[in-house]
Amino acid sequence: MNLMQDLKPEHILATDKDWWRGAVIYQIYPRSFQDSNHDGIGDLAGIIHRLGHVAELGVDAIWISPFFRSPMLDFGYDVSDYRDVDPMFGSLGDFDALISRAHELGLRVLIDLVLSHSSNQHPWFHESQTSRDNPKSDWYVWADAKPDGSPPNNWLSIFGGSAWEWSGDRMQYYLHNFLKEQPDLNLHNADVQDELLSVARFWLDRGVDGFRLDTINFYFHDPELRDNPALAPELRNATIAPEVNPYNWQEHLYDKNHPANLEFLRRFRALLDEYPAATSVGEVGDAQRGMEIQAQYTSGGDKVHMCYSFEFLSGILPTAERVAEVLADYEDKIGDGWACWAFSNHDVVRHASRWNLGEDARRLYAALLLSLRGSVCLYQGEELGLTEAYVSYEDLQDPYGIRFWPKFKGRDGCRTPMPWISDNQNGGFSDAKPWLPMAMEHLQRAVGAQDGAEDSTLAFYRRMIGFRQAWAPLSKGALSDLRAAEGIVSFVRSHGDQRLFCAFNLTNTARPAALPAGHWRQDRGAPFTAIEDDRGGCVALPPYQAYFAAAESA
Ligand code: BGC
């Protein structure tokens, strides 16, 4: 591929306001992408160095996990200065250089704003905790103990234990939905909202194209601090760590999803709309009502553009029936809203391991992901077919894993460094000892080892992304004729007068796929086996193969 020929001119980047619909977004976890200053931790200059790889994939945008100043207890999701780059990752100058290089390559840049909570090392929290009447006393969620000294209610932290931590300075508890070092900001306070909006403006003015908004449904809590009701055991389900964490034994009615959030999201959107083509994708974690909340937050064109969906991030294997069930629920509830789908990210076991997928199945699931109605996030290394890495207790970094080892090993196994070349023990990621070990089994899948090999997973991803980009029905079109039968999930995507039938055999045996009425011709642009077109209304799909066929006019 000739990168220079394929560059999109910068003015196209600026004017297509709707670019995010159906976009493919590549998530970069900066600590683990590329080290440039020999400290074993990735950084912004490292990202710049490797952007060519991302551009060659043919994606539309990157999402960079947090790089702001932070004590790094949750590896950047605990921010102590929202307007600066942590020296570990570089400087604001490096960030500016990253934006301009990305834009030159036709890539938009989304950054990860963590507005629900800050670090306990943020000066706002230092001030807030000094007394009950300082100017920032109400910037976090403080509450008195119950008469017996115990926490104000039964709310739980996602990382285990009570969501309340005691402060002797104020003789009060403060709320934290995650680590106790991540106190929850009080967005019921208008000054806090104004300040967070001005943080967003700061980065928009620096040229970012939008935001991934961390834990967007945790922004507001119930001011009455009512207890969450218990959930019947058969209704408990969770994406992360159900085996060690009772978080989802409750119905989270009061600690998140508060309706006041809608008004704040409108304020946020009004700010984004001042910029030519800024977008937003809000992370919605809710095991019970995820889809309804996504619909609420993205409908009407006046709140966030997309919600990051958890439906395919759990251990439940997406069989044909399960995929159809999720998509039917989505079509039923989403209205004019929009999802952003993902199979892997920096919080969950890589899906190749989570679903125990062999090589062919990995490719097939990639094709399915890239055929969904909505936008798509790919996580670094997914394009190489990486599996979850084993990280020994001595090397563990994630406090979540350290707490629950060995029943739950935390999130380090999906955060190990990107393998760039195979003939180097650190995979070309760093010439110092990496902050998490390079997984030896990842070396054979390094970018350098796959680049140029026509039959590699990397080549497959490039072709499949290109296929999605070439077919407007896949990126922008409606979805109909959804069907799951005999291990095959199929649907039709349509846009204007184009219709594309898509079928996926999610099993390891050959199965028949029924075509909808009409005449269909296989599109050979997708990286799958050529199949004899069958006018009898059915094609035989080999194991883990997809079939894409365009409607022919009669
Ligand atoms: C991020 C996690 C983080 C948490 C708290 C999330 O959902 O993706 O990595 O630990 O928010 O900020």
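Rings of Phe, Tyr and Trp, the six-membered ring in the case of Trp, are taken as a pair if their centres lie within 6.5 Å. The legends below refer to a predicted model.

**View 1. Aromatic pairs, with Phe67 and Phe68 as an example.** By this rule the count comes to 44 aromatic pairs. The ring centres of Phe67 and Phe68 are 4.7 Å apart and the planes meet at 35 degrees, so the pair is tilted. Phe67 has a relative accessible area of 0% and is therefore buried. Phe68 is buried too, with a relative accessible area of 0%.

**View 2. The aromatic pair of Phe159 and Tyr400.** Phe159 and Tyr400 are likewise tilted, with 4.6 Å from centre to centre and 50 degrees between the planes.

**View 3. The largest nonpolar core around Phe211.** This core holds 144 residues, and Trp203, Phe211 and Phe504 have the most contacts inside it. Leaving aside residues up to four places away in sequence, Phe211 touches Leu110, Ile111, Leu113, Ala200, Trp203, Leu204, Phe268, Leu272, Thr279, Ser280 and Val281.

**View 4. The second largest pocket.** The space in this pocket comes to about 320 Å³. Its lining consists of 23 residues, and Val348, Val349, Glu388, Phe408 and Gly410 lie nearest the centre. Sorted by class, the lining has 13 nonpolar, five polar and five charged residues. Domain 1 (3–116 + 190–220 + 260–394 + 405–468) and domain 2 (117–186 + 222–255) each supply at least three residues of the lining.

Technical notes. Residues numbered from 1 in each chain as written. Predicted model: local features only at pLDDT ≥ 70, side-chain atom pairs only at ≥ 80, totals over all residues. Heavy atoms only, no water. Core = buried A, V, L, I, M, F, W, Y, C linked by side-chain atoms within 4.5 Å. Buried < 20%, exposed > 50% of the residue type's maximum accessible area, 1.4 Å probe, protein only. Contact = heavy atoms within 4.5 Å. 1 Å grid on protein atoms, 1.4 Å probe; cavity = no way out; pocket = protein on both sides within 12 Å on 5 of 7 lines; lining within 4 Å. Points joined across faces, edges and corners; volume = space filled by probe spheres on them. Nonpolar A, V, L, I, M, F, W, Y, C, P; charged D, E, K, R; others polar. Domains from an automatic or database assignment. Phe/Tyr/Trp six-rings, centres within 6.5 Å; stacked < 30°, edge-to-face > 60°.
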